Amino acid sequence: MHNKTIRILIILFFTTAGIFIIDQNIKSLFVDGWRYYTDCIDLILVYNKGVAFSMLAFLDESLKYIQLVLVLGVFGYIVYLKQICYALPAGLMLGGAFSNIYDRFIHGGVVDMVYWHCGFDFAVFNFADVMIDVAVVWILILNYKPKFCKN
């Protein structure tokens, strides 16, 4: 295996594991009963059976397997690219995705907890969702500004 591939795998592993561990620890607080309420943001426990805004909830048990295949495809593609600049954002994405998929296997739905309701009601989301969003923006920037991706 080439040195670059090993570096990519190490970055992917530690970033993915770190995000997974952080997210699962946050979620365990809410599963164990912790709640917090304010005028704009409530920290509550919600199990999301679908994906964003509960879309595709009708897929039930199949959804977690479809997501697992998609996430493994992303992992394979990042290793195939062999560009180190994609490893960190991909690790953020994979860590969040694996954590949410893990929730589906353990809890029957994704554990969400942040509910924004200041001025308008927004979807309930979690730390993993934020990391996935950050990763997507980061990867889009790398794609549209290739000068940021120098190996």
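**Figure 1. Glycine 108 counts as partly exposed, at 35% relative accessibility.** Here buried means under 20% relative accessible area and exposed over 50%, with partly exposed in between (1.4 Å probe, protein chains only). The model is predicted: local features need pLDDT of at least 70, side-chain atom pairs count only at pLDDT 80 or more, and totals for chains, interfaces and linings use all residues. Numbering starts from 1 along each chain as its sequence is written, and side-chain values use heavy atoms, with hydrogens and water left out. Glycine 108 sits in the loop between α3 and β3 (110-116). Helices (H or I, at least four residues) and strands (E, at least two) are DSSP runs, numbered from the N terminus. The phi of glycine 108, which follows α3, is positive, near 85 degrees. Leaving aside neighbours within four places in sequence, glycine 108 is in contact with Lys49 and Asp103. Contact means heavy atoms within 4.5 Å.

Figure 2. Most residues other than glycine have a negative phi. Lysine 82 belongs to the loop between α2 and α3. With a relative accessible area of 39%, lysine 82 is partly exposed.

**Figure 3. Helix α3 is mostly covered.** Of its 21 residues, 15 are buried.

**Figure 4. Threonine 15 is a buried residue of helix α1.** The helix covers residues 3-31, and threonine 15 lies in it. Its relative accessibility is 12%, so threonine 15 counts as buried. Not counting residues up to four places away in sequence, threonine 15 touches Leu88, Gly91 and Leu92. Glutamine 67 is 52 residues from threonine 15 in sequence and 19 Å away in space, C-alpha to C-alpha.

**Figure 5. Helices α1 and α2 cross at roughly 145 degrees, their axes coming within 9 Å.** Axes are lines fitted to C-alpha atoms, for helices over the stretch in contact, and angles run from 0 to 180 degrees between N-to-C directions. The crossing of α1 and α2 is right-handed. A crossing is left-handed if the near helix is turned anticlockwise from the far one by less than a right angle, and right-handed if clockwise. From α1 the contact takes Thr5, Ile8, Leu9 and Leu12; from α2 it takes Phe75, Ile78 and Val79. By class, this contact has 6 nonpolar residues, 1 polar and no charged ones. Ala, Val, Leu, Ile, Met, Phe, Trp, Tyr, Cys and Pro count as nonpolar, Asp, Glu, Lys and Arg as charged, and the others, Gly among them, as polar.

**Figure 6. The structure holds 9 aromatic pairs.** One of them joins tryptophan 34 and tyrosine 36, which are stacked: 6.2 Å centre to centre, with 5 degrees between the planes. Rings of Phe, Tyr and Trp (its six-membered ring) pair if their centres lie within 6.5 Å; planes under 30 degrees apart count as stacked, over 60 as edge-to-face and the rest as tilted. Tryptophan 34 is partly exposed at 41% relative accessibility, and tyrosine 36 is partly exposed at 44%.

**Figure 7. Tyrosine 65 and phenylalanine 105 form an edge-to-face pair.** Their ring centres are 5.5 Å apart and their planes meet at 85 degrees. Tyrosine 65 lies in helix α2 (residues 62-81) and phenylalanine 105 in helix α3 (residues 87-107), so the pair ties together parts that are 40 residues apart in sequence. Tyrosine 65 counts as partly exposed at 45% relative accessibility. Phenylalanine 105 is partly exposed too, with a relative accessible area of 38%.

**Figure 8. Trp116, Phe120, Phe122 and Phe125 form one aromatic cluster.** For context, the protein has 4 helices and 4 strands. Their pattern along the sequence is α-β-β-α-α-β-β-α. The C-alpha atoms fill a box of roughly 50 × 35 × 25 Å, taken along the principal axes. Of the 151 residues in the protein, 35% are buried. Among contacts with a separation of 6 or more, 73% are between residues 24 or more positions apart.
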